[in-house]
Amino acid sequence: MRQINRVAVLGAGVMGATIAAHLANAGLEVLLLDIVPRELTSQEEAQGLSLESPQVRNRIANAGLAGLLTMKPAPFYLKQYASQISVGNFDDDLGKLKDCDWVIEVVIEHMPIKKDLLTKVVPNLVEGALLSTNTSGLSVNEMAEMLPAEVRKNFLVTHFFNPPRYMRLLEIVPSQYTDPKIVSGLAEFISRRLGKGIVYAKDTPNFIANRIGVFSIFNGVKHMLDLEMTVEEVDSVAGPATARPGSAAFRTSDLVGIDTLVHICKNTYELLPDDESRETFKIPEFMEKMVEKGLHGNKSKQGFYKKEQIDGKRQIFYYDYNSGEFKPAEKPKFASVVAVKMVDDPAQKVKMVINGQDKGAEFAWRSLRDSLIYTVNRIPEIADDIVNIDNGMKWGFNWEIGPFEMFDAIGVQSFVKRAEKDGVDVPESLQGVEAFYRYNDAGQQEYYDLLEKTYHLVPSKAGQINLQILKKTAGVVEKNSNCSLIDLGDGVFGFEFHSKMNAISADILSMTHKAVKRAEAEGVGLVIGNQGTNFSVGANLMLLAVALAEGAYEDIDLIVGAFQKATMAVKYAKVPVVAAPFGMALGGGCEFSLHADAINAYAETYMGLVEIGVGLLPAGGGTKEMCLRAVELASQYDTDVTPFIFKNFQQIGMAKVSMGAAEMTGMGYLRNGDSISMDIDRLIADAKQKVLALATNYRPQRPLENIPAPGRGIAASIKSQLWNMKMGGFVTEYEAEMGGVIADVITGGDVLPGTPISENYLLQLERQAFLKLCGNKKTAERIQHMLKTGKPLRN
């Protein structure tokens, strides 16, 4: 397969434009084309332009590009990446396709339009160029039939999910003519460069994820009507309580667009006359009426839910399908759902909820029962194996576990017995299946093949490091209940957090020293990383809350001191330490990363020093590090340190969090030599390679001395601004007080500018400031609020 450097995207609507943005995120040059407008706008007429004017002819593609810069959530990692996209139109610029290695068609889902465009595209393709369609369900074979033989072998479906930056799933559907080497080569490229999770589907309507996902939504509607439940009651069950996303069924429908769902369902009903559950895809009358009334979901700001400001407060309403009116949300609480609120394991949650005794549990069982049976019946129609289906639902619909993993959670034969008792048709292929996934004697994960009735190894990427498999194959060197030290091979050890939300606890701090010493004595380096939902949400606040309640300030001082000693052990290890953050890396999770020799972050890393949200300052070395980095930059550019201190103070004081790893450079969290991985499956392996590279010529560091203190003058300037903000009503007195304490630490304390200070002195300032803030009763209130709601208290 040819090297891919330049990609053309044909269609500048929301989907095409956001695909172009993500290609630019990956460092590719992109050509974005769309149709030529048929009429002038009034503004164009006023400017004296004609239909032949270039800005008119490229208006649609230009509008698609411009829309990306204001779109939320942001499609670009950084807005400047938009410069990698050039625009044009189908009439004037198809000749530019000769410079493109890959051409992606993303026009309207209408076969005649797609075929017409492909006919025009083919003469402009360079030999060996790849051609794909982003169709969400039209036949790839029908399109391939009208292509020349030399193009057919390079043609396939690459179905991105919306929004492309954030949704990991990409479905690949080859035609009967596609060269298998093209399929594997493009899959590897998309995985590595675009960070996508690849699922291989067949040429059937809606492919895998939409086929199962849309069935699940409309099957849920059926049982909602049968059980006389509200949409709000259904969503309370069909979300995290049963291992699905927080958007559940109807918030997901609002997100996708109710009109879009109705369109998909109608197509599915027409194209699948032999589907045993075809009637499920019949649109309920109330949904038809919703579309007629313009209730399309988020894009029309009302669908199954809407939000309004009443008396200055946001009020959420849900749609009552019986009356056709909106009613105030009531936040229903089924006992079966409440019972799993504190359960982390998604499999355990599913099992507990369906065995409950209330209406919510009955809905959960009925809806999951039908969806899981429908999924089994789709093999081999939409996919040959269960792994592709499970991955499709996890990556495309954000299910925590896939359908066949749900079978294992419930117990396959327990499911069969209960379903048979209900009188539903149970697939014969389920009989005798003990589990769909298992680990063999070598610690390798296997899946059950429903067609061959035997187990096969779950496929893995070349070079991928799976910590769970390593731990099952004697890779664990040392562990406790919240963390493990794992042998990653080649002399590199992995330090894995696996506490609740990967919060940093006392035993993690203790194990940090053991991990560093083991790597120093027996290896060449250490990776700090894990494969949970998030890298780490920060320190375990419960320990602090208990100590505050008891007034045990000496204990708090010991806790903070232990945290600082752990991060300093990371920074001054005799071997290189690389942090591999991903997802949320907040507070203490950020501090651990900042003290590593290098960071290899996943592209979607949301990092920040957010301690002020609970009335504290970063005291695990975070405030100290931001002071040192400001001083380092000022020294590097031989300039005043003030603007760097102000910037870092604002980040801490406003609890700023990066909206992706690319933003971490501008925030001072990533430095020269740090790197970003697009593919999360390769994150640990990439970090390991960075350790090995650093180990070749590693020079250990020593704690810093003779640091020129920024000084109390800068602290006074910060406090002056805080006073002005307080007088203007922008911050409270308490917030101004917190800001002043942080200012004193980040500037090096009550000393003159340039006074030599040490790293340990800054750590001492951190501890003292932390204890001072702990003495304010509002800090305890903020911590309790955070523990109770998971959200910072806004004063």
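A: Proline 73 lies in the loop between helix H4 (59–68) and strand S3 (85–89); the model is a predicted one. The bond that joins lysine 72 to proline 73 is a cis peptide bond, with omega about -5°. As background, most peptide bonds are trans, and most residues other than glycine have a negative phi.

A cis bond is also found between isoleucine 379 and proline 380, where omega is near 10°. Proline 380 belongs to the loop between helix H16 (359–376) and H17.

In general, two packed helices are described by the distance between their axes and the angle between them. For helix H17 (residues 386–396) and H18, the axes come within 7 Å and cross at roughly 100°. An angle from 65 to 115 degrees counts as roughly perpendicular, and H17 and H18 are therefore roughly perpendicular to each other. On the H17 side the contact is made by Ile386, Ile389, Asp390, Met393 and Lys394, and on the H18 side by Pro403, Phe404 and Glu405. By class, this contact of H17 with H18 has five nonpolar, three charged and no polar residues.

Helix H18 (residues 403–410) also packs against helix H19 (residues 412–422), with axes that come within 6 Å and cross at roughly 85°. That angle makes H18 roughly perpendicular to H19. Here Phe407, Asp408 and Ile410 of H18 meet Val412, Ser414 and Phe415 of H19. The residues of the contact between H18 and H19 divide into four nonpolar, one polar and one charged.

Threonine 242 counts as buried because its relative accessibility is 0%. Between the C-alpha atoms of threonine 242 and proline 75 there is a separation of 30 Å, the two residues being 167 apart along the chain.

Another pair of helices is H12 (residues 258–271) and H13 (residues 285–292), whose axes come within 9 Å and cross at roughly 130°. This angle makes H12 oblique to H13, and the crossing is left-handed. Ile258, Asp259, Val262 and Lys266 of H12 meet Met287, Glu288, Met290 and Val291 of H13. Among the residues of this contact of H12 with H13, five are nonpolar, three are charged and none is polar.

Lysine 301 lies in the loop between H13 and strand S9 (305–310). Although lysine 301 is not a glycine, its phi is positive, at about 65°. Lysine 301 counts as exposed because its relative accessibility is 70%. Asparagine 706, likewise not a glycine, has a positive phi of about 55°. Its place is the loop between helix H28 (683–696) and strand S24 (707–708). With a relative accessible area of 62%, asparagine 706 is exposed.

Histidine 159 is part of strand S6 (residues 155–160) and is buried, with a relative accessible area of 5%. Its side chain makes a polar contact of 2.8 Å with the side chain of glutamate 171. Glutamate 171 is also one of the residues that histidine 159 touches beyond four places in sequence, among them Asn134, Leu169, Phe207 and Asn210.

Glutamine 651, in helix H26 (residues 642–653), also counts as buried, at 4% relative accessibility. Leaving aside neighbours within four places in sequence, glutamine 651 is in contact with Leu609, Met626, Lys656, Gly666, Met667 and Tyr669.

Threonine 119, in helix H5 (residues 111–121), counts as partly exposed because its relative accessibility is 48%. A polar atom of the threonine 119 side chain lies 2.9 Å from the backbone oxygen of lysine 115.

Note on methods. Residues numbered from 1 in each chain as written. Predicted model: local features only at pLDDT ≥ 70, side-chain atom pairs only at ≥ 80, totals over all residues. Heavy atoms only, no water. Axes fitted to C-alpha atoms, helices over the stretch in contact; angles between N-to-C directions. Helix = DSSP H or I, 4+ residues; strand = E, 2+ residues; numbered from the N terminus. Parallel < 35°, antiparallel > 145°, perpendicular 65-115°, else oblique. Left-handed = near helix turned anticlockwise from the far one by under 90°. Contact = heavy atoms within 4.5 Å. Nonpolar A, V, L, I, M, F, W, Y, C, P; charged D, E, K, R; others polar. Buried < 20%, exposed > 50% of the residue type's maximum accessible area, 1.4 Å probe, protein only. Polar contact = N/O pair within 3.5 Å; in protein donor to acceptor, adjacent residues only side chain to side chain.
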